[in-house]
Amino acid sequence: MPVDVQKVADSASFPSQVDVVVIGAGIVGTCTAYELARKGVSVALLEKGIVAGEQSSRNWGWVRQQNRDIHELALAMYSLRRWEELGSEIGRDLGFRRSGILYCTKNEADVARWAKWGETARLQGFHSQILSASEANERASGGTSSWLGGVWSPSDGRAEPSLAVPAIAEAAKENGVSLHQNCAIRGLEISNGRVAGVWTERGLVKASTVVCAGGAWASRFSNRYGIELPVANIAGTAVKTTPAPEVIKAGCLSASNFVLRRRIDGCYALAVPGHGTLDITPRGMRYAFKFYQMYRSKIGKKLKYRLNSSFWSGPDAFGGWENDEISPFERNRILDPTPDAELVERAVKNLESEYPALKGIRVDRAWGGLIDTSPDLVPVISTVEQLPGYVIAAGFSGHGFAIGPGAGRLVSEIVMNETPITDISPYRLSRFTDGSAIRRPEMM
């Protein structure tokens, strides 16, 4: 596996019954388990691979409120507060730093769009600063570009993906969560029309509630029970550089042709923004119409398309299995897509061109990751009307790491039927089937 993830030991004993089973030990599932355990709920956190083995350790490590869909902003704002609380609360370093995020551009339309987004965001209490050309160039000093303008969000931050989720998982265990890795959930136990537990490769675990936080696999798992979860799994590419001088005054920088985060180990996390690859798959073709607005957006225009073995065996393939049979989740413990070599080369070239001080920087490692993407880029955090006791937390569209702590809190409130921290209607699963128009993503 091309990413380093802090190892977490399994709990000593395997449960036969709990109140809640959480499927998936990425950041959303792990935070959900942690928040539920703090409420006194007995929880089993079950993972087919390892804690944070997939996208939760493969993302950029940005923790931002800026550039969110307005419907997601309140949750992002809460998540930033939760990130700040969690380190001291659990007594572990998550690598979280409120060091600000800077966007720079040479395009007047970008500045106008950012300003318009900022006006709407201020109504929800979020404030960022539109920068003049001189201010943007001063804050991004050291580069070769002459920026026309920018936007700066000093309250945004960054964290270390390889540290954060394992640290929260350890805290969850200390609060009573029963964690088990290399333990795939093959299916649900259903009794009298509602969830009664899960069938795992180690047997049945009884539970009255199951939270599916399975990332790229959530749609295929849910579809076994007639639940339509429209998700497109987009393969992204990211890079860890060798150690290099600090050239940015912000913790994270977004330029037109690269994004950069200063890691706490003195290296950089680097990528080309917006670019990815979409595999042609049966499930992808099934939901293609729902993604029409996204494909028309600037995101859709940066995608590559390919046909490979995932058509028959990946998260978006068709095909069933029984609860006493080896499942697709056991055959693919950790999704580890090959990074796009062209994007790796382009990211390094673009960085060196902008910052001559980094000339000769090298790639320490590069990796791919599958990003479970919803049609409107807003996640599904929702009960399922047709199957009581089943809660979905998926389709985070590359935002899951940043908003994971808030999403975990929100899921725990849904499970406990408590007053939620924010309006949950934008996250309802039924928005894709109740006749609501699928909006073009309304980000900055």
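Modeller: Before we start, a cavity here is a set of grid points where a 1.4 Å probe fits but cannot get out, and its volume is the space filled by probe spheres set on those points. Please keep in mind that this is a predicted model.

Colleague: How much space lies in the largest cavity?

Modeller: The structure holds 1 cavity of 30 Å³ or more. The lining of the largest cavity includes Asn233, Asp279 and Ser310, and by class that lining divides into 2 nonpolar, 4 polar and 2 charged residues. The space inside the largest cavity comes to about 50 Å³.

Colleague: Which residues are the closest to the centre of the second largest pocket?

Modeller: The second largest pocket has a volume of about 300 Å³. Of the 14 residues that line this pocket, the closest to its centre are Thr383, Val384, Glu385, Leu429 and Ser430.

Colleague: Is Ser327 buried or exposed?

Modeller: Ser327 is placed in the loop between helix H10 (310–313) and helix H11 (328–331), and, leaving aside residues up to four places away in sequence, it touches Ala184, Arg186 and Trp321. Buried means under 20% relative accessible area. Because the relative accessible area of Ser327 is 0%, this residue counts as buried.

Colleague: In the open sheet with the order E9-E10-E11, why is one side of strand E9 and of strand E11 left without a neighbour?

Modeller: The 3 strands of this open sheet pair in the antiparallel sense. Strand E9 (185–191) and strand E11 (203–206) stand at the edges, so one side of each lacks a neighbour in the sheet because each has a single partner strand.

Colleague: Which residue in E11 is the bridge partner of Trp199?

Modeller: Strand E10 (residues 194–200) is joined to E11 by 4 bridges, and the two run antiparallel. In E11, the bridge partner of Trp199 is Leu204.

Colleague: Which residues of strand E15 are buried on its two sides?

Modeller: Strand E14 (residues 252–254) pairs with E15 over 3 antiparallel bridges, and 4 bridges join E15 to strand E16 (residues 268–271), also in the antiparallel sense. In a regular strand the side chains alternate between the two faces of the sheet. Both faces of strand E15 (residues 259–262) are covered, the buried residues being Val259 and Arg261 on one side and Leu260 and Arg262 on the other.

Colleague: Which residue takes a positive phi in the hairpin of E15 and E16?

Modeller: Across these strands, Leu260 stands opposite Leu270 in E16. The hairpin has 5 residues between its strands, and the residue with a positive phi near 90° is Gly266.

Methods:
Residues are numbered from 1 along each chain as its sequence is written. This is a predicted model: local features need pLDDT of at least 70, side-chain atom pairs count only at pLDDT 80 or more; totals for chains, interfaces and linings use all residues. Side-chain values use heavy atoms; hydrogens and water are left out. On a 1 Å grid over the protein atoms alone, a cavity is a set of points where a 1.4 Å probe fits but cannot get out, and a pocket is an open set with protein on both sides within 12 Å along at least five of seven lines; lining residues have an atom within 4 Å of a point. Ala, Val, Leu, Ile, Met, Phe, Trp, Tyr, Cys and Pro count as nonpolar, Asp, Glu, Lys and Arg as charged, and the others, Gly among them, as polar. Buried means under 20% relative accessible area, exposed over 50%, partly exposed in between (1.4 Å probe, protein chains only). Contact means heavy atoms within 4.5 Å. Two strands pair if DSSP finds at least two bridges between them.
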